[in-house]
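Please open the structure in your viewer and keep the selection tool at hand.

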Amino acid sequence: MKNNLALTIAALSLMLLQAGCTQESSTASNKESSTAPNKESSTLGNEESSTSGNEESSTSGNEESSTAPDERPSTANQDESKLGSEQATSVSEASLIVIPGQQFGIIQKGASIDEIRSKLGEGNITAIEVGVGEGETISGYMAFKGEPEREFLFFYNQDGSLTAQISSSESRWRILGEITIGSSLSQVVQANQGPFRLYGFEWDYGGQVTNWQQGKLAKYEQSLTLMLTPLEFNEVAISLMGAREFSSEDPMMIAADPRVSEIWVTL
């Protein structure tokens with residue numbers, strides 16, 4: 001009897017012990033399941049909130065700082081660039097005026113080669129051989145070689161004077177502000193304020209003005225030489241070829257419509 005009672009008490013104790021272990025396991029499991037997800041969720045939520053907030057703040061700040069402040073300086077830079085370009089054009093045009101016997105742009109009468117190099121830049125002067133007609137050449141220089149708008153060649157004569165020649169079809173050099181490469185026969189007549197005489201075409205001195213006939217340009221007779229060439233050698237132009245003199249008023253010469261193709265100036 002005593003043995004059965006002891007066994008019964010032992011069995012009950014074992015059952016109570018097992019029940020207690022089960023409850024602790026369940027409590028521990030509940031703690032882990034309730035803590036871990038909340039921690040992860042809380043951490044993830046904080047990270048997303050922090051990241052989102054930083055990104056929005058950073059993006060908004062960058063967009064505002066990169067857009068708004070740059071708009072005014074950009075406009076100011078454009079205005080300054082435009083103004084600088086206009087000023088450069090103005091200076092350039094003013095420096096391309098030629099007065100025979102006096103100045104060729106910023107080059108003054110009597111300027112030495114060293115002075116010209118100093119004014120135009122050492123790298124803008126190239127030594128060359130200049131053709132002076134009938135197969136003859138003379139040592140000279142090319143200024144602004146490869147820049148058709150202001151390119152010209154020049155050489156020194158035995159008396160020390162300087163002769164410059166312009167022939168580029170894109171030249172912007174202007175004689176007295178009126179005559180340039182491409183000027184028409186009528187434009188030269190207008191600049192001279194009267195008719196003049198010139199040689200026929202297609203030889204060493206073809207189209208060269210020979211006499212300004214007391215016109216406005218007559219005072220530059222020793223320092224200015226123009227050569228005119230027809231744009232097209234049609235029958236009319238062909239009839240004017242050779243070492244003969246013609247008047248700018250000749251109907252055939254007017255019909256040929258020659259244009260200034262070379263300008264020679266002496267200082």
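**First stop: a hairpin**

Select the hairpin of strand 6 and strand 7, which has five residues between the strands, and find glycine 160, whose phi is positive, near 90°. Strands here are DSSP runs (E, at least two residues) and helices are DSSP runs too (H or I, at least four), numbered from the N terminus. Two strands count as paired if DSSP finds at least two bridges between them. Strand 6 and strand 7 run antiparallel and are joined by four bridges. One of the pairs to display is leucine 153 with its bridge partner in strand 7, glutamine 165.

Is strand 6 enclosed or open? Four of the five residues of strand 6 (residues 152-156) are buried, so the rest of the structure largely encloses this strand. Buried means under 20% relative accessible area, exposed means over 50%, and partly exposed lies in between (1.4 Å probe, protein chains only).

**A note on the model**

This is a predicted model, in which local features need pLDDT of at least 70 and side-chain atom pairs count only at pLDDT 80 or more, whereas totals for chains, interfaces and linings use all residues. Residues are numbered from 1 along each chain as its sequence is written, and side-chain values use heavy atoms, with hydrogens and water left out.

The term pLDDT denotes the predictor's confidence in each residue, from 0 to 100. The chain averages a pLDDT of 76, and 64% of the residues score at least 70. Contact means heavy atoms within 4.5 Å. Next select residues 19-91, where pLDDT also stays under 50 and the model has six such contacts beyond four places in sequence. Where pLDDT is low, the predicted coordinates should not be read in detail.

**Second stop: strands 11 and 13**

Select strand 11 together with strand 13; they pair in the antiparallel sense over seven bridges. Leucine 228 has its bridge partner in strand 13, namely valine 260. Five of the seven residues of strand 11 are buried, so this strand is largely enclosed by the rest of the structure.

Then select serine 223, in the loop between strand 10 (209-211) and strand 11. With 13% relative accessibility, serine 223 counts as buried. Beyond its neighbours within four places in sequence, serine 223 is in contact with Pro100, Gly101, Trp264, Val265 and Thr266.

A pocket is an open set of points on a 1 Å grid over the protein atoms alone, where a 1.4 Å probe fits, with protein on both sides within 12 Å along at least five of seven lines; lining residues have an atom within 4 Å of a point. Which residues lie nearest the centre of the largest pocket? Of its 20 lining residues, they are Val132, Tyr205, Gln208, Thr225 and Trp264. The volume of the largest pocket is about 480 Å³, a volume being the space filled by probe spheres set on the points, which are joined across faces, edges and corners. Strand 13 gives the largest share of the lining, four residues.

Four strands form an open sheet in the order 3-2-1-8, with mixed pairing. Strand 3 and strand 8 (174-175) stand at the edges with a single partner strand each, so one side of each has no neighbour in the sheet. Select strand 1 (residues 97-99) and strand 2 (residues 103-104), which run antiparallel and are joined by two bridges. Isoleucine 99 has glutamine 103 of strand 2 as its bridge partner.

**Last stop: two loops**

Select lysine 109, in the loop between strand 3 (107-108) and helix 2 (113-120). Lysine 109 is exposed, with a relative accessible area of 59%. Lysine 109 and threonine 266 are 157 residues apart in sequence, yet their C-alpha atoms are 8.6 Å apart in space.

Finally, select glycine 177, in the loop between strand 8 and helix 3 (185-192). Glycine 177 is partly exposed, at a relative accessible area of 35%.
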